[in-house]
Amino acid sequence: VAGDGDRFGYSVSIDENIAVVGAPYHDLASIEDAGAAYVYERVEGTWYYRAKLIASNAAAQDRFGESVFVSGDTVVVGAPDRDIGSNVDAGIAYVYEKSLSGWSDATETAQLSASDNAGGDAFGTSVCITSDAIIIGAPLDDDGSSDNVGSAYIFSKPGEHWNTATETGKLEA
């Protein structure tokens with residue numbers, strides 16, 4: 001259930017009969033602004049709530065759900081303010097796959113981060129997925145002596161599932 005200040009609808013994505021809605025300021029119990037993403041399915045013209053996705057390692061101010069993208073049975077959710085070790089706000093993108101029993105049992109199959117992650121990159125601000133590739137934006141990534149020039153990272157799915165995804169490219173302007 002969405003609550004005060006969750007900003008439900010901050011990000012949205014739709015593919016055929018599946019819709020995903022991000023709420024990056026959703027509180028999880030006492031974890032402020034951890035974020036959530038909600039999955040809906042259209043059946044015979046009516047939309048039904050199916051699942052609430054949350055990060056397995058949710059922490060305060062991660063903003064999980066700032067970006068969402070659905071393609072087929074896979075959802076990618078960005079958490080651009082997720083800390084990685086001592087790198088504050090480096091960012092992570094999470095990949096969920098629909099289980100055989102449906103979205104209510106969706107599995108978090110991967111946590112993707114930039115190979116050169118650094119504090120403040122905001123990796124996960126934007127996400128997009130195809131059947132075998134995910135691209136993730138890091139608009140505050142630095143380039144040598146230039147600050148916040150941004151970049152985008154491409155991850156490839158080498159097998160049937162995203163748990164073995166590997167970073168295969170970094171795009172820069």
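I began with Glu 172, which is partly exposed at a relative accessible area of 47% (buried means under 20%, exposed over 50%, partly exposed in between, with a 1.4 Å probe and protein chains only). This is a predicted model, where local features need pLDDT of at least 70, side-chain atom pairs count only at pLDDT 80 or more, and totals for chains, interfaces and linings use all residues. Residues are numbered from 1 along each chain as its sequence is written, and side-chain values use heavy atoms, leaving out hydrogens and water.

Next I looked up the partner: Glu 172 and Lys 170 meet in a salt bridge at 3.8 Å, N to O (a side-chain nitrogen of Lys or Arg within 4 Å of a carboxyl oxygen of Asp or Glu). Lys 170 also forms a salt bridge with Asp 141, with the closest N and O atoms 3.0 Å apart. Here Lys 170 is partly exposed at 29% relative accessibility, whereas Asp 141 is buried at 5%. I found that Asp 116 joins Asp 141, Lys 170 and Glu 172 in a network of salt bridges.

How many salt bridges does a search of the whole structure find? I noted seven. One of them pairs Asp 62 with Arg 82, the closest N and O atoms being 3.1 Å apart. Both ends are buried: Asp 62 has a relative accessible area of 3%, and Arg 82 is at 13%.

Last, I checked Asp 33, which is buried yet has no salt bridge. Its nearest side chain of opposite charge, Arg 7, is 7.7 Å away (Lys and Arg count as positive, Asp and Glu as negative; His and the chain ends are not counted).
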